Each structure stands twice: as C-alpha cells, then as structure tokens.
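Hello,

Please look through it before reading my notes below.

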Amino acid sequence: MQQHPSSEVNANQRIARISAHLDPPNLQMENAATVNRLNCRAKGGTAGYKVAILGAAGGIGQPLAMLMKMNPLVSVLHLYDVVNTPGVTSDISHMDTGAVVRGFLGQQQLDEALTGMELVIIPAGVPRKPGMTRDDLFNINAGIVKTISEAIARCCPYAIVNVISNPVNSTVPIAAEVLKKAGTFDPKKLLGVTMLDVVRANTFVAEVLGLDPRDVGVPVVGGHAGVTILPLLSQVKPPCSFTPKEVDDLTYRIQNGGTEVVEAKAGAGSATLSMVTELPFFASKVRLGRTGAEEIYPLGPLNEYERAGLEKAKRELATSIQKGVSFVRK
C-alpha cells in the first residue's frame, strides 16, 4: 500500500509542530517581545471572546489566566506583562482546552496584545504590603492604569474593561477619564471588580450561620476599600437575623478582609464598580451580557444601620473618585 503524497506532507507538518514544542528556540521572542508560538495551538473552533489579561504573570494574573483558559466562552487569550510572560504563557498553553494562548512581554508589545480584544482584564500593578493602605498604592498603580487605558482606547476601544488594580475606587475613574478624552468611554463597558468583597461576605456570614457558603448570598455595595465596602446584612439569603454585635463584627471583618490577608501573607501578596446613586461610580450588583453591564440592580430596602453606613461610604468614595479624576486632568 502506497502512502498518498498529501498524507506524507500532513504527517511531516505534524512532526514539525511537535518538534517545535520539544525544542522551542527560546520561545521565539520576536522583536524581544512577542511569544511567537508555531501555529499548533487549537484554533478555537467555536466563536468566543477574545480576552487579554494585563498583568498576567502576577499573583492574580496567573490563576486568572488559568480560569480564562478553562472557560469555554474564551477562544483567544492574550497574556501580557512586563516580566515573566514566556513561562506563564508556556504553562497555560499546555492546558487541554480550545482557547488559543499568546504571550506578550514588555510595554513595546502592549498595543499588539490589545489589538482586536473584546474583553480586557487588568490585574496589573503592585499588591499591597503590610502597613500599606490602598491609597499608598496610588502613585504607582495610577500611572500603570492610565498607560493601559490609553492603549485600550487606541487598540480595542469597544472592549469591555474589568479593572482589578488597586485602589479600585480611584483606578476605575482614571480609566474612565482616559477613555472620555479619547471619545471611547461607554459606562456599560467599564467595570471595577469588587466580587471579592461578596465572596468574603458570603464566607464570613456562612461561618456565623453554620451554613455552606455556596448557599449564602450577601449583597455588598459601595466601593472596594474600608468603609466604602457596605455589606447589606438585612438582605442576606437565606433570610436571617443578627444581633447588633454580630452586625458590627461581620461588617468590620468584611470591610477589612483584604488587610487580614495582606498581614497574614506578610508581604508575599494580596488578595464591580458601576454607575448608581448620585456618585459617578458605585459598586452594586449588575447583570452582565455581551455588551457589558446590561442592568444595574437597585440597592433594595436599607435599615438604619445600613443607611448610616451608606453615607460614610459615599463620603469616602467621593474623595477616592475625585483623586482618580484629578490624576488624569492635572
């Protein structure tokens, strides 16, 4: 039996692709930046989101990259950072899911990483260290978010943008001001990620109630720092009641959950703002869709304790928002 010539060509091509992985030429860093993998990744056969993670080599970026690679809705995954992207890209690309993974290293490759992306997630920047507040991060992370936002406006102006970089209460307004200047701002498509506060609230409340955290729902609104984090314990599901002392203790722990982690890690790392109320930015529950935040849910009825907490949150949040706006307008 004679092998058909086209079959032999296909076999040789497959062997070449395998060989490229067995002996990669230093990840083929084109122009000292792009991770130029031979085209042997799955081609993302079904239509899906093109996602970029900026800060992909960090403590949040790496597990986030893994989750995105596992997500069947993602067809293309771009991983960008200023250091260590080749290793993360190689590692993540070995996962047996369909998303095509490409890596980008250094600021000279930022535009290429963003071109054509539909969802941009930004965990870039430095984490909090013991003794630092989120405001202490501002001078470093504000500049990083501003630079990234300018690149988004150039390369993928219609993308949904999720900001994780702290202080979120100020970095989201920075991104908004940059996008407004470029004429590409869409309030439905710019979101600060505050889900961590909800996760912590569910866990801490479940501990008090003796329930599985997966069966508990605690609305958390306001912002993503200190007193701006407002858990609405009167609206917990399943319905329950707490003593005033329990409310104080739970509220304090939820508001300071990030500090708890930073101090426990001893400097090794750290652990959705949308428009509502009279403030230009305010964290609340939203319904996400292909075009971003398609619906913002109301706060619901607040008790006296929560109304007082809301006023504190709004005062603090207004200051943080103005800090971000002023950074761009100066």
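The notes below cover confidence, the annotated residues and a surface patch.

Confidence first. This is a predicted model. Mean pLDDT for the chain is 86. Of its residues, 83% reach 70 or more. Residues 22–45 need a separate look: pLDDT stays under 50 there. The model still has 52 contacts beyond four places in sequence for that stretch.

Next, the annotation. An unreviewed UniProt entry carries a "binding site" annotation. According to that record, it covers R128, R134, N166 and R200.

R128 sits in the loop that runs between β6 (119–122) and α5 (138–155). Its relative accessible area is 7%. Buried means under 20%, so R128 counts as buried.

N166 is in the loop between β7 (160–163) and α6 (168–182). Here the relative accessible area is 14%. That value puts N166 in the buried class too, because the cut-off is under 20%.

Last, the surface. Which residues form a nonpolar patch there? They are M66, L67 and M70. Together they have about 280 Å² of accessible area. M66 belongs to helix α2, residues 61–70. Its relative accessible area is 37%. Partly exposed lies between under 20% (buried) and over 50% (exposed), so M66 is partly exposed.

In short: the record's site includes R128, buried at 7%, and N166, buried at 14%.

Best regards

Terms used: Residues numbered from 1 in each chain as written. Predicted model: local features only at pLDDT ≥ 70, side-chain atom pairs only at ≥ 80, totals over all residues. Heavy atoms only, no water. UniProt positions renumbered as here; feature names shortened; annotations may be inferred. Helix = DSSP H or I, 4+ residues; strand = E, 2+ residues; numbered from the N terminus. Buried < 20%, exposed > 50% of the residue type's maximum accessible area, 1.4 Å probe, protein only. Patch = residues over 30% accessible without salt bridge, like charges linked within 9 Å, V, L, I, M, F, W, Y side chains within 5 Å. Areas by Shrake-Rupley, 256 points an atom, 1.4 Å probe, with all protein chains shown as cover. Salt bridge = Lys/Arg side-chain N within 4 Å of Asp/Glu carboxyl O. pLDDT = per-residue confidence, 0-100. Contact = heavy atoms within 4.5 Å.
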